[in-house]
Amino acid sequence: MDILMLLIGFSCLLLGIIGSLLPVLPGPPLSWLGILFLYLTKTIGTNWWVLIVTLVIAIIITVLDYTIPAYGTKRFGGSKWGVIGTSIGLLVGLLSPIPFGFIIGPFAGAFIGEMLNKSHPSKAAKAAFGSFLGFLASTFIKFVLSIVYLGIFIKILWDYKEPLFTF
């Protein structure tokens, strides 16, 4: 049963890494589930500190994932309309069947929002570029966190390799 938990946990970690790059899957929460499955084995004692701290970090990063593109829009001179457009564009991009809609959506949403606010097209493009940079930053943060969670998984697995894999 421990081996099954390890395989499920490792699969969650791999899906978490993929999900950190594809917004359809929630990367950090899936990676955290991988650590949880590791601690659900009978061999490895539960370390509540690791579980709670990694869960809180995963939740914070997941929330930031939706706010960083909007912050990027605002930072690059976007108005409230651009921030709202970024958020709507992100949701539409995630749900649409358009390839790379999750990248195009926030950019287009910020641009359209700024144009509705009667901004100059160059200012609208600058705000949309800020949205794109925010998206890249949030993706990078999620990817790094998922890799760190994989490292934690491997470290704990390495520490318990003898009792886990001795038959």
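A cavity is a set of grid points where a 1.4 Å probe fits but cannot get out. I start from that term and note that this model is predicted.

**Entry 1: the cavity**

I searched the whole structure for cavities of 30 Å³ or more and found one. How much space lies in the largest cavity? I noted about 60 Å³.

Next I looked up its lining. Pro23, Asp65, Tyr66, Leu90, Leu94, Phe135, Ser138, Thr139 and Lys142 line the largest cavity. Helices H3, H4 and H6 each supply at least two residues of this lining. H6 has the largest share, with four residues. By class, I get five nonpolar, two polar and two charged residues.

**Entry 2: the pocket**

I turned to the largest pocket. About 200 Å³ of space lies in the pocket. Its lining has 16 residues. Which of them lie nearest the centre? I wrote down Gly89, Gly105, Ala108, Gly109 and Ile112.

The elements giving two or more residues to this lining are helix H4 (80-95) and helix H5. H5 gives the most, with eight residues. I also sorted the lining by class. Eight residues are nonpolar, eight are polar and none is charged.

**Entry 3: the nonpolar core**

I then checked the largest nonpolar core, which holds 17 residues. Leu38, Tyr39, Ile44 and Tyr149 touch the most other members. Which elements give two or more residues to this core? I listed helix H1 (2-21), helix H2 (27-39), helix H3 (48-75) and helix H6 (121-159). H6 gives the most, with five residues.

Leaving out residues up to four places away in sequence, what does Ile44 touch? My list includes Leu38 and Tyr39, both noted above. Ile156, Tyr160 and Leu164 are on the list too.

**Entry 4: Ser119**

My last stop was a loop. Ser119 lies between helix H5 (101-116) and H6. Is Ser119 buried or exposed? I put Ser119 down as buried, because its relative accessible area is 11% and the cut-off for buried is under 20%.

I also looked for a partner of its side chain. The side chain of Ser119 makes a polar contact with the side chain of Glu114, at 2.9 Å.

**Entry 5: recap**

For the lining of the largest pocket, my note is H5, with eight residues.

Key
Residues are numbered from 1 along each chain as its sequence is written. This is a predicted model: local features need pLDDT of at least 70, side-chain atom pairs count only at pLDDT 80 or more; totals for chains, interfaces and linings use all residues. Side-chain values use heavy atoms; hydrogens and water are left out. A nonpolar core is a set of buried Ala, Val, Leu, Ile, Met, Phe, Trp, Tyr and Cys residues joined through side-chain atoms within 4.5 Å. Buried means under 20% relative accessible area, exposed over 50%, partly exposed in between (1.4 Å probe, protein chains only). Contact means heavy atoms within 4.5 Å. A polar contact is a pair of N or O atoms within 3.5 Å; within protein, one must be able to donate a hydrogen and the other to accept it, and residues adjacent in sequence count only if both atoms are side-chain atoms. On a 1 Å grid over the protein atoms alone, a cavity is a set of points where a 1.4 Å probe fits but cannot get out, and a pocket is an open set with protein on both sides within 12 Å along at least five of seven lines; lining residues have an atom within 4 Å of a point. Grid points are joined across faces, edges and corners, and a volume is the space filled by probe spheres set on the points. Ala, Val, Leu, Ile, Met, Phe, Trp, Tyr, Cys and Pro count as nonpolar, Asp, Glu, Lys and Arg as charged, and the others, Gly among them, as polar.
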